[in-house]
Amino acid sequence: MRITVLTGAGISAESGLATFRAVDGLWESHRIEDVATPEGFAADPALVHRFYNMRREDAAAAQPNAAHLALAELAQRHDLVLVTQNVDDLHERAGSPEVIHMHGALAGALCAACSHRWSAPMVMSPEDPCPACARPATRPDIVWFGEIPYHMDRIWEALESADLFAAIGTSGNVYPAAGFAQHARRHGADCVELNLDSSANARDFHRRITGPASRTVPEWVA
Ligand code: BV8
């Protein structure tokens, strides 16, 4: 059976990483939509680097939870495509063999001048020179609002060929990820969402399993 899974911030909540809704989209009294944008970065690169430096430290201190581990185990038994909106590395550290980070990753750095990519240090600042072109144009390799998500061709193919699509811990507020259930359903997939409560796109799913991911995902995978 071909399974495509989409995860969101809710799968990492029990590992101690704040979800977007939990912080009410605010950080240092800035709306996240203003920080996680190219405009926000252009306006105040030091502020945006501080935001991601904090997220990188938090992610490094966090541990994968039972939900991450259950998905890693699922990949050993089924043809699984794991897509995440998350930028942390908890899926990888839980043992998932292949993780598609459609919104980029905290582990990545990108040069806004020459597009060179490298592994991000724990702390980044606007003055950091790009290792390739030496210009001080480094940014987190993260897909911000208004930017094109990564690996979309692979993701559409995985949605269209899935027998089963599951969305875990996502509020269904951000596109194109919020449209994935509808796309998979239109191509014949059985669609289930695993969440603490109902998401904005709950009507796109055949059913919902309600509860904390660290309990519901291991039960669902079993
Ligand atoms: C794009 C990286 C074109 C940054 C992120 C009007 C209508 C439709 C769309 C738009 C529109 N205006 C603008 C747009 C486009 C825009 C968008 O959707 N805006 C929204 C605000 C309306 N989208 C974009 O700009 C995207 N690009 O559209 O390009 C395109 C389109 C198609 C194909 C090609 C090109 C780019 C968006 C990427 C932004 N970057 N992340 C960072 O991480 O710092 S978004 C960020 O927020 C996350 O990555 C995630 O995607 C999103 C929402 O987060 P969630 O993961 O859902 O987390 P949230 O806190 O919201 O919810 C947590 C859930 O978990 C809740 O449901 C909760 O109940 C549950 N939960 C909590 N605890 C638990 C739990 N569940 C289980 N167990 C628990 N313990």
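Modeller: A term to begin with: a polar contact is a pair of N or O atoms within 3.5 Å; within protein, one must be able to donate a hydrogen and the other to accept it, and residues adjacent in sequence count only if both atoms are side-chain atoms. This is a predicted model, where local features need pLDDT of at least 70 and side-chain atom pairs count only at pLDDT 80 or more, while totals for chains, interfaces and linings use all residues. Residues are numbered from 1 along each chain as its sequence is written, and side-chain values use heavy atoms, with hydrogens and water left out.

Biologist: Fine. Which residues are the closest to the ligand?

Modeller: Q85, G146, S171, Y175 and N195 are the closest of the 35 residues that surround the ligand.

Biologist: What is 2.7 Å from an oxygen atom of the ligand in Q85?

Modeller: In Q85 it is an N or O atom of the side chain. The side chain of N195 also has an N or O atom 2.7 Å from a ligand oxygen. With Y175, a polar backbone atom is 2.7 Å from an oxygen atom of the ligand.

Biologist: And how much of the ligand's accessible area does the protein cover?

Modeller: The protein covers 77% of the 1500 Å² that the ligand has on its own. Those areas come from the Shrake-Rupley method with a 1.4 Å probe; for residues, only the protein chains shown count as cover.

Biologist: Which element gives the largest share of the shell?

Modeller: That is α4, with 3 residues. Both α1 (10–13) and α4 (45–61) supply at least two residues of the shell. Helices (H or I, at least four residues) and strands (E, at least two) are DSSP runs, numbered from the N terminus.

Biologist: What classes are the shell residues?

Modeller: There are 18 nonpolar, 12 polar and 5 charged residues around the ligand. Ala, Val, Leu, Ile, Met, Phe, Trp, Tyr, Cys and Pro count as nonpolar, Asp, Glu, Lys and Arg as charged, and the others, Gly among them, as polar.

Biologist: What about phi of A134?

Modeller: Phi of A134 is near 70°, which is positive in a residue other than glycine. A134 lies in the loop between β7 (117–119) and β8 (138–142). Most residues other than glycine have a negative phi, and most peptide bonds are trans.

Biologist: Now the whole chain. How many helices and strands does the protein chain have?

Modeller: It has 9 helices and 11 strands. The radius of gyration, taken over C-alpha atoms, is 17 Å, close to the 17 Å that the globule rule gives for 222 residues, so the chain is as compact as a globular protein of that length. That rule is 2.2 Å times the number of residues to the power 0.38.

Biologist: What box do the C-alpha atoms fill?

Modeller: Roughly 50 × 30 × 30 Å, taken along the principal axes.

Notes:
Near = heavy atom within 4 Å.
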